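Here are my notes on the fold, the surface and the aromatic pairs. Please read them with the structure open.

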Amino acid sequence: MTDRTAPDGPNLLIRPDEVEPFDRGNGVRTIPYVGRWNCETNHVTTGQTQFQEGTGLPLHSHNVEESVLILEGDAVAEIDGQEFELVAGEATWVPAGVPHRFYNRGTGVMRIYWVYGGRDVTRTITATGETFEHLSEADRGGLSTP
């Protein structure tokens with residue numbers, strides 16, 4: 001029988017249903033996978049964000065590059081002033097410092113898998129210039145009807 005508890009460290013096995021979600025408010029919820037919170041040697045930060053119908057995040061940028069894969073649903077990606085409609089299986093890559101956001105344009109849940117190219121990730125809100133640590137208490141603020 002296969003051992004399904006966990007691999008030997010520093011390797012990780014992440015089961016989303018066993019991870020405490022980070023509620024961003026207004027129907028946006030993040031499930032953190034790999035990051036400073038559970039790995040001392042990571043060079044990427046990963047997770048999944050779920051958006052209820054009609055929700056999204058404000059326009060923002062990061063101090064590191066980001067790639068997003070649409071797992072489920074219909075998305076709009078706004079990247080550097082351009083909007084793109086995306087469906088499950090399509091992905092984006094955004095360099096550090098470029099304003100972007102994702103929101104759910106469909107019915108039902110939209111889910112994305114994100115990968116940041118770094119360990120120390122920040123988010124800067126475009127409208128206010130406020131910068132804070134990714135997934136900190138200040139990093140809440142899901143939007144309804146983006």
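1. Contact here means heavy atoms within 4.5 Å. On that basis, 63% of the contacts in the protein chain with a separation of 6 or more are accounted for by residues 24 or more positions apart. Keep in mind that this is a predicted model.

2. The secondary structure is 14 strands and zero helices.

3. On overall dimensions, the C-alpha atoms fill a box of roughly 50 × 30 × 25 Å along the principal axes. The radius of gyration is 15 Å. A compact globule of 146 residues would have one near 15 Å, so the chain agrees with that rule.

4. Next, burial and surface. Of the 146 residues, 40% are buried. The accessible surface comes to about 7900 Å², and carbon and sulfur atoms hold 50% of it.

5. The protein chain carries 11 positive and 22 negative charges. Their mean positions lie 3 Å apart.

6. How many aromatic pairs does the structure hold? There are two. In one, the ring centres of Y33 and Y113 are 5.9 Å apart, with the planes at 40 degrees, so the pair is tilted. Y33 sits in strand 2 (residues 28–34) and Y113 in strand 11 (residues 110–116). The pair therefore ties together parts that are 80 residues apart in sequence.

7. Is Y33 buried or exposed? Y33 is buried, because its relative accessible area of 13% is under the 20% cut-off. Y113, at 27%, counts as partly exposed.

8. W114 and Y116 also form a tilted pair, with 5.0 Å centre to centre and 45 degrees between the planes. Both W114 and Y116 are buried.

How values were computed
Residues are numbered from 1 along each chain as its sequence is written. This is a predicted model: local features need pLDDT of at least 70, side-chain atom pairs count only at pLDDT 80 or more; totals for chains, interfaces and linings use all residues. Side-chain values use heavy atoms; hydrogens and water are left out. Helices (H or I, at least four residues) and strands (E, at least two) are DSSP runs, numbered from the N terminus. The radius of gyration is taken over C-alpha atoms; the globule rule is 2.2 Å times the number of residues to the power 0.38. Buried means under 20% relative accessible area, exposed over 50%, partly exposed in between (1.4 Å probe, protein chains only). Accessible areas come from the Shrake-Rupley method with a 1.4 Å probe; for residues, only the protein chains shown count as cover. Lys and Arg count as positive and Asp and Glu as negative; His and the chain ends are not counted. The place of a charge is taken as NZ of Lys, CZ of Arg, CG of Asp or CD of Glu. Rings of Phe, Tyr and Trp (its six-membered ring) pair if their centres lie within 6.5 Å; planes under 30 degrees apart count as stacked, over 60 as edge-to-face and the rest as tilted.
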